[in-house]
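Subject: Structure handover

Hello,

Here is the structure you will be working with. My notes on it follow below.

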Amino acid sequence: MKKLIIIIALLLGLIGITTTGTAKAKAVLKPRLVVCTDIAPADVEPDDMESMVHLMVYADMFEIEALITSVGWNCDPYPLEWSQYLYRVIAAYAKDVPNLMKRSGQKKHLSLKKENGSQQIGYWPSAEYLSKRAVMGSMYGGIRSIGEKNDSPGSELLIRLADEDDPRPIYVAAWGGANTLAQAIWRVKQTRTDDEVRKFVRKFRLFTITDQDMDYAHRMDRARSSHMWLRQEFTDDLQFIWDEGAWQEQCELGKRNWTQHQQHIQTKGALGKEYPNYKWGVEGDTPSFLYVIPNGLNDPEDPLQAGWAGYHERGLCPDSLTTAWTSWQEPVRSISVGYKQRFYMDELNDFIARMQWADEGKGNRNPIVVIDGHHGPSPLLIHAKAGETIRLNASKSKDPDGNDIQFHWWQQPEIGTARLAIDDAEKSIINIRIPADAAGQTLHLVCEVNDNGAYHLKSYQRVVLCIGVSQ
């Protein structure tokens, strides 16, 4: 029954069911998110604490299935007492969530039983729910720890999550090491057939911030990491993104804009009080969940789609042995960093606006992009023919707060080789001339809409053009 309800909700979201006469967000289920964090005291490594605060003010956008404290660069083994910093952020969220709920008009929380089912975008979970999803994962790192003595509440929870009757993928954001996921997969391998193991692995998508499944001193010895084992064993089954571009730029851009964090984040709400000063860089782990954020800019099932987490292509990893979706080599690294720079102020302003909601229970909200009747996080798919001109109409887009909005349309050039000719790219209605040599290609177009309210918030809609042969 749960699976049937989820499928119906997904279909309703895809066809755009809305409240009559309004442009409210569609009833779409959240993406399932697991975080593996080596959260630590601020004098050791504050960036996980920063990213956790950032994540909490987007708890209405993710179905946070697990918050797993685990091994990372700064700790092998992970000190049990460090997990208190995760609970401090959740306690701050408990104080701020009544204000955050006003952003989507939410009056109360569902029962814990219903929260454990499935959640729609716009729903703010209870702090009780998040506390029960906070568990300990692998305390020890590296491939050497995988085995009979490495099971944990985190690995056991991952197995239960993958076995649920839920068709949605599970996105694992590795802020530290992904040893807990590797252990869960190892455990399943002991009792299930090869086909069953592959089915289990295919439930997961993994985004690692560099490779932290080891202590920092051995970080260049890739063979020590269970991440290498995952890439070797499940090359065709596990979507593995190894980021080595966006996270460094996230750190640097955060440092350059630190006064913004001091003025607009650290001073806002109980969560702001838990946002520490940076030590090495600012929020280096944040790209791992920005990759999944359902803001219409990118579909996390396709890493080629650029977004707030940069850009990645499939290729050889820094270990020179395995393949994954990466951004460590040129020109991909520069492309990824370029997108991070391009979108950073959109991301930061969005964060700041949500911190204002956490503090005051009021503020600006993002505009809603509507193209030819379609709105929501999923891309708009259009079939067209080479050589023809098509019209896209975003004039029904609007701002929930009544602010004026502006438009900007652009093509992502890394997907497909044909270049679209866009008339009036700054208007709500555009004409696109598709080149005669575009047959057989898939081309990607993005519509950006920003408002003139506080922080000039921005929303997106990706348009995927499948080009057939002209007749």
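In which strand is Cys466 found? Cys466 sits in strand β15, residues 458–468; helices (H or I, at least four residues) and strands (E, at least two) are DSSP runs numbered from the N terminus. Cys466 and Ile382 are 84 residues apart in sequence, with 6.2 Å between their C-alpha atoms. Leaving out residues up to four places away in sequence, Cys466 touches Leu381, Ile382, His383, Ala384, Gln441 and Thr442, where a contact means heavy atoms within 4.5 Å.

Some notes on provenance. This is a predicted model, in which local features need pLDDT of at least 70 and side-chain atom pairs count only at pLDDT 80 or more, while totals for chains, interfaces and linings use all residues. Residues are numbered from 1 along each chain as its sequence is written, and side-chain values use heavy atoms, with hydrogens and water left out.

Overall figures. The protein has 14 helices and 15 strands. For its 471 residues a compact globule would have a radius of gyration near 23 Å, and the value of 22 Å agrees with that; the radius is taken over C-alpha atoms, and the globule rule is 2.2 Å times the number of residues to the power 0.38. The C-alpha atoms fill a box of roughly 60 × 50 × 50 Å along the principal axes. Of the 471 residues, 60% count as buried, meaning under 20% relative accessible area with a 1.4 Å probe, protein chains only. Among contacts between residues at least 6 apart in sequence, 74% join residues at least 24 apart.

The cores. A nonpolar core here is a set of buried Ala, Val, Leu, Ile, Met, Phe, Trp, Tyr and Cys residues joined through side-chain atoms within 4.5 Å. The largest one has 74 residues, and Met52, Leu55, Met56, Phe62, Leu67, Tyr93 and Leu271 touch the most other members. Helix α14 (residues 332–360) gives the most to this core, ten residues. Apart from it lies another core of 34 residues, including Ile68, Val135, Leu158 and Ala182. Not counting residues up to four places away in sequence, Phe62 touches Lys30, Pro31, Leu33, Leu55, Gln119, Phe289, Val292, Ile293 and Pro294.

Helix α10 (residues 246–256). Its buried residues are Ala246, Trp247, Glu249, Gln250, Cys251, Leu253 and Gly254. They pack against strands β5 (204–209) and β6 (239–243), and against helices α11 (258–264), α13 (287–290) and α14.

Regards

Methods
Buried means under 20% relative accessible area, exposed over 50%, partly exposed in between (1.4 Å probe, protein chains only).
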